[in-house]
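Hello,

Here is the structure I promised to pass on. Please open it first, then read the notes below.

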Amino acid sequence: MLLVYTHKITPRLRYAFKHLCTRVLGIPVSFTTTIEEFIAHDSLKMSYTRQPLSHEIFIRNHELLFEQGLSDIDINVQDWDDTKCFFATGEKSALPFDIFAASFYLLSRYEEYLPHVKDDYGRFTATESLAYKHGFLQQPVVDMWAYKLKTLLEQRFTGFVFPKKTYSIQPVIDVPMAYYFKQKGLMRTVGGALNDLYRFKLRRLYQRFMVLFGFKRDPYDTFKWIINKQKQYDFKFIVFFLIGDYSTYDKNISINKKKFVSLIKSIADYCKVGLKASYFSLDDISILKKEKKKMEFVTNYELEATRNSFSKINLPTSYRNLIELEIKNDFTMGYLNHLGFRAGTCTPFLFYDLDYEMPTPLLINSFHCLDHALLKHQSQLDKAQELQRLIDTVKQVNGTFTPVFHNYCFGSDIRWKGFRKLFTQILKSRHEN
């Protein structure tokens, strides 16, 4: 166990230390404000305060972990070996930066509470983030800082055996629309056909009728391939289905359709199934509650994970609603058009509510790669290399790689050519050194 001496034990301090030490490095951590207890401890220990006590490992603290509420923080990002950091500490400190305060800033999404420019859907964008502006978005800096701390502890406490952690993956498959042509109902089908005719999209009109009459597979119906892929691996995919009401934003099949219910049940036999929360449920907990109940009725087990429509998060409301409904995992944290680490980590972390100043039971599984972000790379080779770079980065810190692919990107559309191979590349990385 690591014992930390500090002048004041706060919820922020506990949260930051437990993520870096326990979640990332696997070391239990405890805290004390008593010097005698600290001196008597005969295993890993360090002080985190304003001045060193003696010759122990000392990291000078930044005030962030001892504050409450939000303030306008002056941040100066600097280079540090192969990465970057902020909150410089001074000469006496064993590390040149306060990695705990810096980690808290990123994990709590402090910057998302501060004034910023939102996109058309009201989302926080990558270009507004500190990580993007200072060029460390594609590094899991929190995990990298934790391993720098581990090196420091290993040098001082040579007899301590650190737990071993291994690289893992959590493949996410997002299903905003299960079928492109099938199961849409008479009005939507006729309307779609007339629209194709009006816009002179004869190829799509032909494809529509071939699918409806059973001569061709629906272009979004890739579920047989997904199930066959799942059968090859011992770790579970997580498949998120949108079952909310039809609206301007959400256009999936009605949950009242027997074939759609049957599809969800068949996927649930092999994969984990989660709820893709509809756009209007993000601000209305009563709608979210209805969708949760419907999904639990279909799968016949308690809903554990959600992912928001359009990857939109309204902090802290979105997460408070999930906590109130006792949902344990969220998979919304990430950027649509940029690969990288929105919260600076590739280790799932608890949501910290900055308004209530407390960690919550909700586990945030931030995603690091969305299929749409790979489209900006023209060739298949470029996509594969960019993806491999990201995988290797996560492997270096024994993190959890969480990619998000949509059911339609495994279809026959030329735009998504090669995405089955990219998904397989990720799956195979779990068993490669």
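Which residues of α1 meet which residues of α3? From α1 come Arg 12, Tyr 15, Ala 16, Phe 17, His 19, Leu 20 and Cys 21. They meet Ile 99, Phe 100, Ser 103, Phe 104 and Leu 107 of α3. Keep in mind that this is a predicted model.

**How the two helices pack**

Two packed helices are described by the angle between their axes and the distance between the axes. Helix α1 covers residues 11–24, and helix α3 covers residues 99–107. Their angle is about 95°, and their axes lie 9 Å apart. That makes α1 roughly perpendicular to α3.

**Helix α3 and its ends**

Nine of the nine residues of α3 are buried, so this helix is largely enclosed by the rest of the structure. The buried set includes Ala 101, Ala 102, Tyr 105 and Leu 106. Asp 98 caps the N-terminal end of α3. One of its side-chain oxygens is 3.1 Å from the backbone nitrogen of Phe 100. After α3 comes Arg 109, with a positive phi near 55°.

**The nonpolar cores**

The largest nonpolar core has 129 residues. Within this core, Phe 86, Phe 100 and Phe 241 touch the most other members. Helix α6, residues 141–156, gives the most to this core: nine residues. A second, separate core has eight residues, among them Phe 240, Ala 305, Phe 367 and Val 404.

Look at Phe 86 next. Leaving out residues up to four places away in sequence, Phe 86 touches Ile 75, Asn 76, Val 77, Phe 97 and Asp 98, among others. Its contacts also include Ala 102, Tyr 105 and Leu 106, which belong to the buried residues of α3. Leu 130, Phe 136 and Trp 145 are touched by Phe 86 too.

Helix α6 is mostly covered, with 12 of its 16 residues buried. Among them are Val 141, Met 144, Trp 145, Tyr 147, Leu 149 and Leu 153. Does the length of α6 fall in line with, or depart from, what 1.5 Å a residue gives? Its 16 residues should span 22 Å, and its end C-alpha atoms are 23 Å apart, which agrees.

Helix α15 covers residues 419–429. Eight of its 11 residues are buried, so α15 is largely enclosed by the rest of the structure. Phe 419, Leu 422, Phe 423 and Ile 426 are among the buried ones.

**Two single residues**

Is Asn 252 buried or exposed? Asn 252 counts as buried because its relative accessibility is 3%, under the 20% cut-off. This residue is in the loop between β9 (238–242) and α10 (258–268). Its side chain reaches the backbone nitrogen of Ala 178 at 2.9 Å. The side chain of Asn 252 also reaches the backbone oxygen of Leu 242, at 2.5 Å.

Leu 350 is in strand β13, residues 349–353. Leu 350 is partly exposed, with a relative accessible area of 23%. Leu 350 and Ile 364 are 14 residues apart in sequence, yet 5.8 Å apart in space, C-alpha to C-alpha. Leaving aside neighbours within four places in sequence, Leu 350 is in contact with Thr 360, Pro 361, Leu 362, Leu 363 and Ile 364, among others. Tyr 15 and Arg 23 are also in contact with Leu 350. Tyr 15 is one of the α1 residues that meet α3.

Best wishes

Technical notes
Residues are numbered from 1 along each chain as its sequence is written. This is a predicted model: local features need pLDDT of at least 70, side-chain atom pairs count only at pLDDT 80 or more; totals for chains, interfaces and linings use all residues. Side-chain values use heavy atoms; hydrogens and water are left out. A nonpolar core is a set of buried Ala, Val, Leu, Ile, Met, Phe, Trp, Tyr and Cys residues joined through side-chain atoms within 4.5 Å. Buried means under 20% relative accessible area, exposed over 50%, partly exposed in between (1.4 Å probe, protein chains only). Helices (H or I, at least four residues) and strands (E, at least two) are DSSP runs, numbered from the N terminus. Contact means heavy atoms within 4.5 Å. A polar contact is a pair of N or O atoms within 3.5 Å; within protein, one must be able to donate a hydrogen and the other to accept it, and residues adjacent in sequence count only if both atoms are side-chain atoms. The expected span of a helix is 1.5 Å times one less than its number of residues. Axes are lines fitted to C-alpha atoms, for helices over the stretch in contact, and angles run from 0 to 180 degrees between N-to-C directions. Angles under 35 degrees count as roughly parallel, over 145 as roughly antiparallel, 65 to 115 as roughly perpendicular and the rest as oblique.
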